[in-house]
Amino acid sequence: MKENLDKLPQQAAEKQQQNKAFFKKLRRKPPRKLDSLMRELHQAEFQRTDCLDCANCCKTTGPLFTQNDIGRIASHLKLKPSQFIADYLRVDEEGDHVLQSLPCPFLGADNFCHIYEVRPRACREYPHTDRRRIYQIGALTVKNTSICPAAFRIVEEMKKRLPGYL
């Protein structure tokens, strides 16, 4: 897995323009069965992918924390939301709460998340490849192909299954 992770940013960069064009065409005229195709591809990929072997998302990318996430996680950690924010979060240039530093402070050396049961919504949904109307988040999906090997493989399979959009 490590060997693939080392090559992933370069592989994603090589496919970036093609992927952007692919999602642009998908957005213009999405196929009728795109949502069911995405569920199928996502499920098939995650039957053979164990995120604990990788955890690259937790090591390189921080999620956005909603107010609900903050309250839920603070309660779990027995902190006041203001203390949780002070200890772990900062406000980014877009006004969103994000982690102060990476890798995620809740990621263990064994790639297990110490707050898994109450993790942020963005973490629960990552890499967003089973999301309805994926064509609406094409830019995010293209970005995720450089972080998540599963997202990269799913997009590559999408292009094979929808050759008319290349």
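Let me start with a term: a residue is buried when its relative accessible area is under 20%. Keep in mind that this is a predicted model.

Take F22. Its relative accessibility is 0%, so F22 counts as buried. F23 comes out at 4%, so F23 is buried too. The two rings form an edge-to-face pair. Their centres are 5.5 Å apart, with 85° between the planes. That is one of five aromatic pairs in the structure.

Next, F84 and Y88. Both sit in helix α5, four residues apart, about one turn of the helix. F84 is buried, at 0%. Y88, at 24%, counts as partly exposed.

Now, what does helix α5 pack against? Helix α4, residues 67–76, meets helix α5, residues 81–88, at about 95°. The axes are 8 Å apart. That angle makes α4 roughly perpendicular to α5. From α4, the contact uses I70, I73 and A74; from α5, P81, F84 and I85. Six of these residues are nonpolar, with no polar and no charged ones.

On to the loop between β2 and α6, where we find L107. Buried or exposed? At 17% relative accessibility, L107 counts as buried. Beyond its sequence neighbours up to four places away, L107 touches A55, C58, K59, F112 and H114. K59 is 48 residues from L107 along the chain, yet their C-alpha atoms are separated by 8.0 Å.

Last item: R119. Its charged end sits over the ring of Y116, 3.8 Å from the ring centre.

Definitions and conventions:
Residues are numbered from 1 along each chain as its sequence is written. This is a predicted model: local features need pLDDT of at least 70, side-chain atom pairs count only at pLDDT 80 or more; totals for chains, interfaces and linings use all residues. Side-chain values use heavy atoms; hydrogens and water are left out. Axes are lines fitted to C-alpha atoms, for helices over the stretch in contact, and angles run from 0 to 180 degrees between N-to-C directions. Helices (H or I, at least four residues) and strands (E, at least two) are DSSP runs, numbered from the N terminus. Angles under 35 degrees count as roughly parallel, over 145 as roughly antiparallel, 65 to 115 as roughly perpendicular and the rest as oblique. Contact means heavy atoms within 4.5 Å. Ala, Val, Leu, Ile, Met, Phe, Trp, Tyr, Cys and Pro count as nonpolar, Asp, Glu, Lys and Arg as charged, and the others, Gly among them, as polar. Buried means under 20% relative accessible area, exposed over 50%, partly exposed in between (1.4 Å probe, protein chains only). Rings of Phe, Tyr and Trp (its six-membered ring) pair if their centres lie within 6.5 Å; planes under 30 degrees apart count as stacked, over 60 as edge-to-face and the rest as tilted. A charge sits over a ring if NZ of Lys or CZ of Arg is within 6 Å of the ring centre and within 35 degrees of the ring normal.
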